[in-house]
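The exercises below are to be worked with the structure open. Each task is followed by a solution in steps.

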Amino acid sequence: MLIDVGQYLFRVNSAPLIVKNNLDLMYGDAIIKKSLAPADFTISLKHDSLLRRFLKPQVTFYLGSNSPFKPLPASQSYPVMEWGMNWCIAATDFNRLIVHAAVLVKNNKAIVFPATPGSGKSTLSAYFALSGWKLYSDEMAIIDLETLKVMPLFRPVCLKNESISLVKQWFPESIFTGIAKDTQKGDVAHLKINNFAEFKTFMPADVVAIVFPKYQKNTKTEPYKISKIAGFEKLAGNSFNYNILGSTAFDTIQRLIESTQQVDINYNDLSDVDDLLTSEFTL
Amino acid sequence: MNKQTIYIYIENLVFHNEIPTIELKQWEKIIHVLREINLLAACYYRLEKEEKLTLLPLFALKHMKSAAVYSSRQSEQVTFECKLLQEILDAANISSVFLKGAGYTLRKSKNSKGRVYSDIDLLVAKSDISSAEKALEKHAWCTKKLSEYDNNYYREWSHEIPPMFNIHRGTVLDLHHNILLPISGREVNVELLTKKSHVIDDTYTVLSYAATVLHSIVHLIINEDVSNGYRDVLDIITLIEENDTPEFWQEITSLSSTLGFNNELYLALSLSVKYANLTIPENILLSFEEQQNNRKLNFLLNYVYYFALQPHSPAVQTLKHKVAVNIVYLLGHLQKMPLKILIPHLLTKSFFSIRDQIFGKHHFDT
């Protein structure tokens, strides 16, 4: 099984049936039987041992014959597969700046939402993506070191805890995997956003703003411009490969900060954030 | 492509910088294997030096280049870490020698370009080992928590103390007082090994080139774990090619005779010829007459080590390779420990390994 996630091609060598079914559900037409292009990563998800299959079953993720994580309960199989795929990208691609962030695009202009605590990044991704924005990524902004454009990734959104039922309530037609309970991030479910044919039309986009949303009860949705220095620190702090790329990352983030606006937004209603960003950046 | 074909492409690429003429799709396996054996970045720098990077398809280039970025960052980190270590030990008046990877990086030998490693190896005199450990502990270097069995293994039988790590940066340090286990009965005279050491940047001590190569060889041959064997052979070959002078050959042969490693030197040089057609001076070859007539040694060379050191990746591993790896596992242990210690040791290790196979590796983690 080959999965084309846009920037990378994964070859899935083996995985439990339930994971394969979820992959089918989440990736659909991005799953190809044969490809003329070479795959970047050969991955698998395997049961730990024979006895363990029956007694507290566990699964382990592999890139080739190496496994980056300890085994996890088999009930978390699908999230483990998704997190393993994230790891493959973050741990091996040092040709681009990779920031832990959601990326949403409107009118070919991209807004990067770094994953600061309390940002509600994934809920925001799901809401925006199902309300007319293009989802380039829920998890990582892949930024070209020269053009500073952000690249589209074809991946589902990973929702946690209460946001699962919230999104189901807002968008009753949405396509979800089952809920994996008690993972290290709490209860987790994945949500399909794009269809692959539509995704294929997504082009690398210029970043216009870096937005740090913060969900607060009883607040009016308001933007605050933050200093370039604070923006730099927050962006660098959320970059997966800042310390590997070293001075290249420093230069890239500096250029990115200079060519974009950085805004804090306190919100309690996502539709207000949508309106605000659309008017603020004439999207 | 079958395993043998992939293997041949890998060998030609790694040792002879020959870029395979294959379809784009077939590069998947080549890159996969290079990643598994940690040679993506080394290939990048070797091809760069030969000005052959432009001949690579974009797919291969991007993966090699990315690995090169990572390794160059690691080399910066190691240089920085060595500086701090040197300061700590200088302050405690302890002289030390940087071995293996850190040594290559400090002296900037050709094989250091693109090399990735998991720890820093440092050699101090046996009498200094506990004061070195204490000095390091004062600077945030801690000893890894080990099982009681493993801890005793290090303290009683080993040539190094349990690995230390820096609590801020996670860097791992292996502090040695010898290059071989005392229990093997082949402990070396460290004074002889370090006699001609070099000082780099007026600061760091590293072994002379001949002693470096000999240490690499001893580490490769007298070892139960050969999972990085292919990379180690490349190290040895690259170091020799960089220092192919009569003085080097004179020093390494005399050092190996004095320290008792002629068989290991013969094995490693013969393997280098088999893998990479390394040119070895005629007079050196002649000096190995005894080894050339040693049937057991040649059996080990042709049927055990030749296969065991091939890339450790299921994508190229054949049955011959797997059998050879298992023989080396036993041989490596046998060379390190007398039987009365080895048998209980292997029984303990296999008990835990069987237990882990049944229950899963991390079942008993606390």
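## Exercise 1: A glycine in chain A

A:Gly120 has 21 other C-beta atoms within 10 Å and is therefore buried. The model is a predicted one.

Task: Find where A:Gly120 sits in the chain, and list its contacts beyond its neighbours within four places in sequence.

Solution. 
1. Look between strand S8 (109–114) and helix H3 (121–129) of chain A: the loop there holds A:Gly120.
2. Apply the cut-off for burial, 20 or more other C-beta atoms within 10 Å. A:Gly120 has 21, so the residue counts as buried.
3. Set aside the neighbours within four places in sequence; A:Gly120 is then in contact with A:Pro213 and A:Tyr215.
4. As a check on distance, take A:Leu23, which is 97 residues from A:Gly120 along the chain; their C-alpha atoms are 25 Å apart.

## Exercise 2: The sheet of chain A

Task: Give the order of the six strands in the open sheet of chain A, and state which strands stand at the edges.

Solution. 
1. Read across the sheet: the order is S3-S1-S2-S4-S5-S6 in chain A, with mixed pairing.
2. Strand S3 (31–32) and strand S6 (72–73) of chain A each have a single partner strand, so they stand at the edges and one side of each has no neighbour in the sheet.
3. Take one pair inside this order. Strand S4 (residues 41–47) and strand S5 (residues 58–63) of chain A run antiparallel and are joined by five bridges.
4. Within that pair, A:Phe61 in S5(A) is the residue opposite A:Leu45.

## Exercise 3: Helices of chain B

Task: State how H1(B) and H2(B) cross, and which helices the buried residues of H3(B) pack against.

Solution. 
1. The axes of H1(B) and H2(B) come within 10 Å and cross at roughly 65°. The crossing is right-handed.
2. H1(B) brings B:Ile6, B:Tyr9 and B:Ile10 to the contact, and H2(B) brings B:Lys29, B:Ile30 and B:Val33. By class these are five nonpolar, no polar and one charged.
3. Between H1 and H2 of chain B is a loop that includes B:Asn17. B:Asn17 has 13 other C-beta atoms within 10 Å, so this residue is partly exposed.
4. B:Asn17 has a positive phi, near 50°. Most residues other than glycine have a negative phi.
5. Turn to helix H3 (residues 40–49) of chain B, where eight of the ten residues are buried. Among them are B:Leu40, B:Cys43 and B:Leu47.
6. These buried residues of H3(B) pack against helix H1 (3–16), helix H2 (27–36), helix H4 (58–91) and helix H10 (229–242) of chain B.

## Exercise 4: Where the chains touch

Task: Say which element gives the most residues to the side of chain B that touches chain A.

Solution. 
1. Start with the totals: 21 residues of chain B are in contact with 21 residues of chain A.
2. In chain B, the elements giving two or more residues are H2, H4 and helix H17 (339–359).
3. H4(B) gives the most, with seven residues.
4. By class, this side of chain B has eight nonpolar, six polar and seven charged residues.

Technical notes. Residues are numbered from 1 along each chain as its sequence is written. Chains are lettered from A and ligands numbered from 1 in the order in which they are written. This is a predicted model: local features need pLDDT of at least 70, side-chain atom pairs count only at pLDDT 80 or more; totals for chains, interfaces and linings use all residues. Two strands pair if DSSP finds at least two bridges between them. Helices (H or I, at least four residues) and strands (E, at least two) are DSSP runs, numbered from the N terminus. A residue is buried if 20 or more other C-beta atoms lie within 10 Å of its own, exposed if 12 or fewer, and partly exposed in between; C-beta atoms are placed from the backbone. Two residues are in contact if their C-beta atoms, placed from the backbone, lie within 7 Å. Ala, Val, Leu, Ile, Met, Phe, Trp, Tyr, Cys and Pro count as nonpolar, Asp, Glu, Lys and Arg as charged, and the others, Gly among them, as polar. Axes are lines fitted to C-alpha atoms, for helices over the stretch in contact, and angles run from 0 to 180 degrees between N-to-C directions. A crossing is left-handed if the near helix is turned anticlockwise from the far one by less than a right angle, and right-handed if clockwise.
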